[in-house]
Every structure is written in C-alpha cells, then in structure tokens.
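Please look over the chain below before reading on.

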Amino acid sequence: MREVGGKKVLTMTIVDPKAVKGFPANARLTIKLIETKQMELVDFGTLGNPKTAVEVANQEYIDPSCQLRIANADANRLGVLLGSSPSWRLNSDNPEQTGGVRGLLNFLPAKIAPRTWKLIIKEDSHPVIHVDNRIPDPRSWAKSDPTFVGTIMPAIIYQVFDDILSHENPEDTDWMNDWIRWADGLMPGNSRPQQSDMRDRREWIDGLIDTFCQRHKLSDRIVDHFSRGDVA
C-alpha cells in the first residue's frame with residue numbers, strides 16, 4: 001500500500017503466472033482487507049485484465065490482514081470462490097515495506113506533528129507506533145536510536161501492558177497473547193497478576209520494564225551515546 005495524491009492505494013503484481021494457471025481469464029480478482037472489525041474487498045478486475053493499483057475505500061487501514069481471492073464471474077455461478085491465498089499482514093509480514101517491522105510492534109510514518117510518536121492500540125491487531133513522517137526511515141530510527149529505545153520503549157511497554165492487564169482473558173486475543181509470551185520469556189516464572197488490583201498490576205509492569213532495560217543495558221547505551229558527543 002502506498003500514498004498517491006494523499007490517498008492510500010493498494011498495488012498488486014502477479015509475480016508467478018503459474019500460480020493462477022487453470023483459472024478462467026474472466027475470473028474476478030479481489031484482495032480482502034480486515035482490520036479492527038472492518039472488512040473491504042478491493043476489486044482488481046479480472047485475471048485476464050488485472051488492475052495494478054486501486055484506491056482503498058477505507059483510508060484508515062494501518063496493518064490489515066490481506067487475502068487474495070479468485071471468484072467465478074459466470075452469471076450462473078457469480079461470486080463462487082475458485083481459489084484464495086493464505087492470509088498475510090500488509091506491513092508487519094513484509095520486511096521491505098516502508099515502516100513495517102516483524103514482531104510485536106509496527107512502526108509507520110504518519111502526520112502527527114507536533115508529536116514525534118504516538119501509540120495506537122486497537123482491539124484485534126498488533127499495536128502500531130506512528131512516527132512523524134518527516135523523520136527519515138522511522139523504523140531504523142526507532143530500533144537503533146538509544147534515546148528512543150531507552151526512554152520511549154519503556155513508556156510503550158507500560159501502555160501496552162496496562163491495556164492487556166485490563167482485560168479478563170487477554171490470552172484469547174492473538175496480539176495480546178504474543179506480548180504475554182514475550183513477557184514470559186523475559187521474566188520466566190514471574191507470571192502476570194490475575195484479577196489483581198491496579199497497584200499489583202503496576203508493580204508487575206514496573207518489574208517487566210526493569211528487566212527489559214537491564215537485559216538491553218539501556219541506561220549504559222544512553223550514557224555512552226552522550227559521552228561520545230552524539231547529542232549536543
């Protein structure tokens with residue numbers, strides 16, 4: 001997905017014609033997008049005459065689940081699904097996508113000035129960090145800049161787990177379960193508080209952040225950054 005004239009446009013290229021061999025030329029091509037209970041079928045025309053770019057009706061998508069679908073176009077079997085691809089995530093499953101990143105967080109450029117970053121938490125997709133689109137290569141900046149990692153990442157972890165622990169059964173939500181497994185790996189044996197009060201939750205999250213900072217030596221990295229004169 002890319003922006004053209006301020007609008008989000010979805011592009012598609014059939015790289016391997018063998019993958020669609022055997023389907024009729026008039027079969028309809030669509031890409032199904034799903035995110036936060038919203039669904040859209042983006043029409044890419046027919047297999048014999050496919051479109052390469054289509055404007056997306058919902059301009060609010062960030063990292064939707066995608067699926068290529070091939071449907072019958074004959075009048076007597078109109079819309080019958082002939083084939084479909086496995087689902088993939090538009091940004092987080094594609095390491096070459098600008099702003100996309102594999103893992104628990106997605107970093108995407110956005111017009112959020114005067115803020116430099118903003119955490120977006122939705123019900124059924126991994127959290128997204130919007131980064132001021134004027135910053136070059138926000139993914140690399142967020143992953144490598146010691147000031148971002150050392151000061152902003154702990155705040156992000158706190159916000160994410162404050163949301164997760166407010167749910168009764170967070171492991172039933174895919175993205176929350178991914179974060180819980182990450183925390184279990186970081187603090188094995190230190191299970192998250194169950195049905196606890198706010199103070200217990202805060203203490204557990206603080207312990208998680210301390211462990212994260214210690215594991216990655218975040219304060220040492222920032223001190224080294226300053227001692228080298230990297231920051232005026």
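Two residues are in contact when they have heavy atoms within 4.5 Å. Among contacts in the protein chain between residues at least 6 apart in sequence, 48% join residues at least 24 apart. This is a predicted model, in which local features need pLDDT of at least 70, side-chain atom pairs count only at pLDDT 80 or more, and totals for chains, interfaces and linings use all residues. Residues are numbered from 1 along each chain as its sequence is written, and side-chain values use heavy atoms, with hydrogens and water left out.

The protein chain has five helices and 11 strands (DSSP runs numbered from the N terminus: H or I of at least four residues for helices, E of at least two for strands). Of its 232 residues, 41% are buried, where buried means under 20% relative accessible area, exposed over 50%, and partly exposed in between (1.4 Å probe, protein chains only).

Helix α3 covers residues 174-186. Its buried residues are W175, M176, W179, I180, A183 and L186. Seen down the axis of α3, these fall within an arc of 140°, so they line one face of the helix; the arc is that of the directions from the helix axis to the C-beta atoms. They pack against β10 (117-122), β11 (125-132), α2 (146-164) and α4 (198-215). The face turned away from the buried side of α3 carries the exposed residues D174, R181 and G185.

Elsewhere, strand β4 (residues 38-46) includes L41. Because its relative accessibility is 46%, L41 counts as partly exposed.

Conventions:
The expected span of a helix is 1.5 Å times one less than its number of residues.
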